[in-house]
Amino acid sequence: MFRHGSQLYLVARTDPAGPFWSKDNPLLNILPAWEHHLYDLVNFSFRQHGTAIWRLSQETGGLEMVLELAGCGDTAFPSIIRLSLHQYLILNYSSPMEACPPNWLEGQVS
């Protein structure tokens, strides 16, 4: 997370095929909580993710996506370096772009 002027920004993982928690699924809600959570973890692990820069809206308190960073959809381990008053360098680890893994789990072990 970083601040630029009065604006707060977050660099974090995206889950385009999410959401992570399937709380509104009536069939899954009959499962014990640990099985329901396991189902969500497995689904999360077998889809791709991204990394994006988000701005915290001071009006709504919600996050607004500013920019999705290039990557293979496998990790979100960003580092942020302030270069000057209005310049930042964001580094993010990802698998090689020419060999993107098909899902997050394979990206973790590649």
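**Close-up views of the predicted model**

View 1. With a relative accessibility of 32%, Leu105 is classed as partly exposed. Together with Phe20, Trp21, Trp34, Leu38, Leu41, Val42 and Phe46, Leu105 forms a nonpolar patch on the surface, and the accessible area of these residues is about 810 Å² together. Helix α1 (residues 33-45) gives the most to this patch, contributing four residues.

**View 2. The largest nonpolar core.** Five residues make up this core: Phe2, Tyr9, Val11, Ile53 and Leu69. Apart from neighbours within four places in sequence, Phe2 is in contact with Gln7, Leu8, Tyr9, Val11, Ile80, Tyr88 and Ile90.

**View 3. The salt bridge between Arg47 and Asp15.** The model contains two salt bridges. In one of them, Arg47 pairs with Asp15, and the closest N and O atoms are 2.8 Å apart. This pair links distant parts of the chain, 32 residues apart: Arg47 belongs to the loop between α1 and β3, and Asp15 to the loop between β2 (7-14) and α1. Arg47 is buried, because its relative accessible area is 14%, under the 20% limit. Asp15, at 22% relative accessibility, is partly exposed.

View 4. The side chains of Arg55 and Glu64 form a salt bridge with an N to O distance of 3.6 Å. Arg55 is partly exposed at 27% relative accessibility, and Glu64 is partly exposed at 34%. Gly62 is located in the loop between β3 (50-56) and β4 (63-69). Leaving aside neighbours within four places in sequence, Gly62 contacts Arg55, Leu56 and Ser57. Gly62 is partly exposed, at 26% relative accessibility.

Terms used:
Residues numbered from 1 in each chain as written. Predicted model: local features only at pLDDT ≥ 70, side-chain atom pairs only at ≥ 80, totals over all residues. Heavy atoms only, no water. Core = buried A, V, L, I, M, F, W, Y, C linked by side-chain atoms within 4.5 Å. Buried < 20%, exposed > 50% of the residue type's maximum accessible area, 1.4 Å probe, protein only. Contact = heavy atoms within 4.5 Å. Helix = DSSP H or I, 4+ residues; strand = E, 2+ residues; numbered from the N terminus. Patch = residues over 30% accessible without salt bridge, like charges linked within 9 Å, V, L, I, M, F, W, Y side chains within 5 Å. Areas by Shrake-Rupley, 256 points an atom, 1.4 Å probe, with all protein chains shown as cover. Salt bridge = Lys/Arg side-chain N within 4 Å of Asp/Glu carboxyl O.
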